[in-house]
Amino acid sequence: MNTFDVEAVRRDFPILERTFDGKPLVYLDSGATSQKPAQVIEAESAFYRLHNANAHRGIYTLGEEATEAYEGARSRIARFFGVEDASRLVFTRGTTESINLVAYGWGRASLGEGDEILITEMEHHSNIVPWQLVAQATGARLRYIGLTDDGLLDLSNLGELLGDRTKILGVTAMSNALGTITPLKQLVDAAHAVGAIVVVDAAQAAPHMPLDMDGLEADFLAFSGHKMLGPTASGGLLAKRELLDRLQPMFGGGDMIREVFHDHATWNDVPYRFEAGTMQVAQQVGLAAACDYLDALGMEAVRAHEVEITRYAIDRLLEAGAVVYGPKDTDIRGGTVSFWYHDIHPHDLATILNEEGIAVRAGHHCAQLVMRRYGTPATVRASFYVYNTNEEVDLLVASLARAGDIFAS
Amino acid sequence: MALDDIYKEVILDHYKNPRNKRDLPGAEVSCTRNNPLCGDEITVFAHVDDGTVAELTFQGAGCSISQSSASMMTEAAAGRTVDQTLELAGQFRGMMAGEVEPDDDRFGDLVALKGVVKYPIRIKCAVLAWDVLQEALQDTGRATGAQPHAVG
Ligand SMILES: Cc1ncc(COP(=O)(O)O)c(C=O)c1O
């Protein structure tokens with residue numbers, strides 16, 4: 001047992017007071033986006049009530065306050081990942097934009113024919129499609145690390161896939177479809193041994209487990225604030241400082257320049273050269289509050305809570321006759337549990353669960369390569385976070401039985 | 001119980017015992033579409049003879065709503081002219097948009113799908129088969145003797 005007080009946590013999340021036809025919300029879709037604690041909502045709203053102005057522009061006091069809040073958020077969020085030099089954090093709308101920035105500013109700018117990009121079949125579409133675009137534009141070849149039958153990366157032929165031609169390795173830290181936690185350190189070391197840079201998709205890992213950017217030695221790490229208790233459109237790209245110096249900007253516009261001439265412009269400093277136009281100031285301030293919240297709980301405790309609930313959920317689902325995808329060992333998986341219940345289509349199941357106030361995702365989870373690998377077009381996915389309880393798992397399993405009754409012939 | 005609106009017996013019956021779910025060798029028209037959100041997939045095959053949908057079958061995989069809708073569609077449309085079939089498709093869409101009050105005569109079992117209107121996110125499941133059918137028939141030129149387009 002851990003000291004995690006889930007009931008106290010739940011009281012911080014106003015949305016959990018909602019009911020649907022008298023039934024309390026059972027929110028099991030944090031893999032898609034998390035709910036927000038009052039502390040985050042208040043931080044964002046306080047920014048608007050007290051400090052709102054455009055960042056990096058106003059000479060007046062309010063403008064300075066806004067800039068301070070924005071840059072303070074940068075330091076705070078970087079520290080959440082163990083990074084002290086805040087200039088290593090580029091603010092973006094989240095994982096998708098971060099990966100596209102690397103694909104554009106590094107991939108397109110430096111790859112050519114004969115080069116290879118290695119990614120995995122476990123990736124979210126946002127860590128596949130940008131690399132396909134790079135491959136099309138540059139002539140580089142896109143290759144894939146496959147998956148084993150039990151939902152792990154198949155590293156048996158890594159020596160053959162990863163070589164001198166490999167310039168970029170893109171890999172998720174935690175699968176959003178299978179829950180699998182990947183052996184990042186091993187992959188980073190192997191990639192660095194052949195001179196490739198590593199882009200980590202931390203969209204699912206960052207909210208749910210301790211992540212130490214420099215311990216991992218990742219070159220780029222992308223994350224989404226909205227999945228870690230923060231506002232939508234918050235998030236960023238962490239990088240090694242020397243790589244940011246070489247990364248090309250993707251967006252041109254205000255504030256990313258130093259000087260503009262008729263035929264060219266010079267860039268502002270890192271990280272501002274990657275932040276063209278008015279940024280999501282209030283949202284990043286909200287994300288900083290989310291980092292405070294998570295650090296106060298302690299990421300080790302968050303992880304332990306989720307291990308416990310995930311263990312319970314997998315056991316109960318298997319008992320009920322569900323087919324659970326991905327590893328069953330909670331040491332190597334997070335709290336994202338994809339499953340089929342008998343042969344009830346995920347959409348039908350999700351509709352029936354919704355009737356009980358239970359919110360789950362049904363579909364391919366933007367991971368069609370995973371779905372294809374395991375021969376299914378879709379799964380139902382329950383994903384857990386700090387506010388979920390074993391009682392909610394019980395409700396889920398009880399509602400599955402009800403769905404079984406409706407579809408029994 | 002609200003679920004009764006959507007999981008009616010007729011729907012579950014068409015889902016579990018789909019009508020006309022088979023290939024149609026020699027079909028003049030066919031078309032496959034999927035719903036990118038959920039992966040549901042439907043292929044429609046039709047014999048179009050002299051401007052009439054003489055025979056209509058489907059293949060596919062997906063949720064109870066998409067598959068039962070396809071099954072009901074094959075029953076409701078077969079024997080109608082291409083024009084009438086496209087008109088029925090329009091009315092079905094109208095019903096799913098909550099704009100057309102279905103009459104049992106024309107709609108048959110399809111009336112059962114009306115309850116899906118209360119589940120906006122599932123409406124596209126119900127409409128998928130009709131999208132495929134419309135696309136398949138579009139190029140037949142509607143009129144008698146028009147060139148049907150090849151299976152493929
Ligand atoms: C593993 C993974 N990568 C990337 C993304 C994309 O994140 P966002 O939509 O916040 O850019 C997600 C979100 O679903 C994800 O789960």
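Welcome to this structure, starting with its ligand: the shell around the ligand divides by class into 1 nonpolar, 8 polar and 2 charged residues. In this sorting, Ala, Val, Leu, Ile, Met, Phe, Trp, Tyr, Cys and Pro are nonpolar, Asp, Glu, Lys and Arg are charged, and the others, Gly among them, are polar. The model is predicted, with local features needing pLDDT of at least 70 and side-chain atom pairs counting only at pLDDT 80 or more, while totals for chains, interfaces and linings use all residues. Residues are numbered from 1 along each chain as its sequence is written, chains are lettered from A and ligands numbered from 1 in the order in which they are written, and side-chain values use heavy atoms, leaving out hydrogens and water.

**Around the ligand**

- The residues surrounding the ligand are A:Thr95, A:Thr96, A:His124, A:Ser126, A:Asn176, A:Asp201, A:Ala203, A:Gln204, A:Ser224, A:His226 and A:Lys227; each has a heavy atom within 4 Å of it.
- A:Thr96 places a polar side-chain atom 2.5 Å from an oxygen atom of the ligand, and A:Ser224 has a polar side-chain atom 2.6 Å from a ligand oxygen.
- For A:His124, an N or O atom of the side chain is 3.2 Å from an oxygen atom of the ligand.
- On its own the ligand exposes 400 Å², and the protein buries 86% of that (accessible areas by the Shrake-Rupley method with a 1.4 Å probe; for residues, only the protein chains shown count as cover).

**Where chains A and B meet**

- Chain B brings 20 residues to the contact and chain A brings 17 residues, contact meaning heavy atoms within 4.5 Å.
- About 1400 Å² is buried between the two chains, with carbon and sulfur atoms giving 61%; buried area is the accessible area (1.4 Å probe) that two parts lose on being put together, summed over both.
- Of the area that chain B buries against chain A, B:Leu3, B:Tyr7 and B:Cys38 supply 33%, more than any other three residues.
- The rule finds 1 salt bridge across this interface (a side-chain nitrogen of Lys or Arg within 4 Å of a carboxyl oxygen of Asp or Glu).
- B:Arg122 and A:Asp348 join their side chains in a salt bridge, at 2.8 Å from N to O.
- Helix 1 (3–6), helix 2 (9–16) and helix 3 (64–77) of chain B each supply at least two residues of the side that touches chain A; helices (H or I, at least four residues) and strands (E, at least two) are DSSP runs, numbered from the N terminus.
- Helix 2 of chain B gives the most to that side, with 3 residues.
- By class, the side of chain B that touches chain A has 14 nonpolar, 3 polar and 3 charged residues.

**Backbone details in chain A**

- A:Val270 and A:Pro271 are joined by a cis peptide bond, with omega about 0 degrees.
- A:Pro271 sits in the loop between strand 12 (265–267) and helix 11 (281–297) of chain A.
- A:Asp21, a residue other than glycine, has a positive phi near 50 degrees, and its place is the loop between strand 1 (19–20) and strand 2 (23–24) of chain A.

**Salt bridges overall**

- Over all chains, the count comes to 33 salt bridges.
- In one of them, A:Lys23 pairs with A:Glu356, their closest N and O atoms being 3.9 Å apart.
- This pair links distant parts of the chain, 333 residues apart: A:Lys23 is in strand 2 of chain A, and A:Glu356 is in the loop between helix 13 (346–354) and strand 15 (358–359) of chain A.

Terms used:
A polar contact is a pair of N or O atoms within 3.5 Å; within protein, one must be able to donate a hydrogen and the other to accept it, and residues adjacent in sequence count only if both atoms are side-chain atoms.
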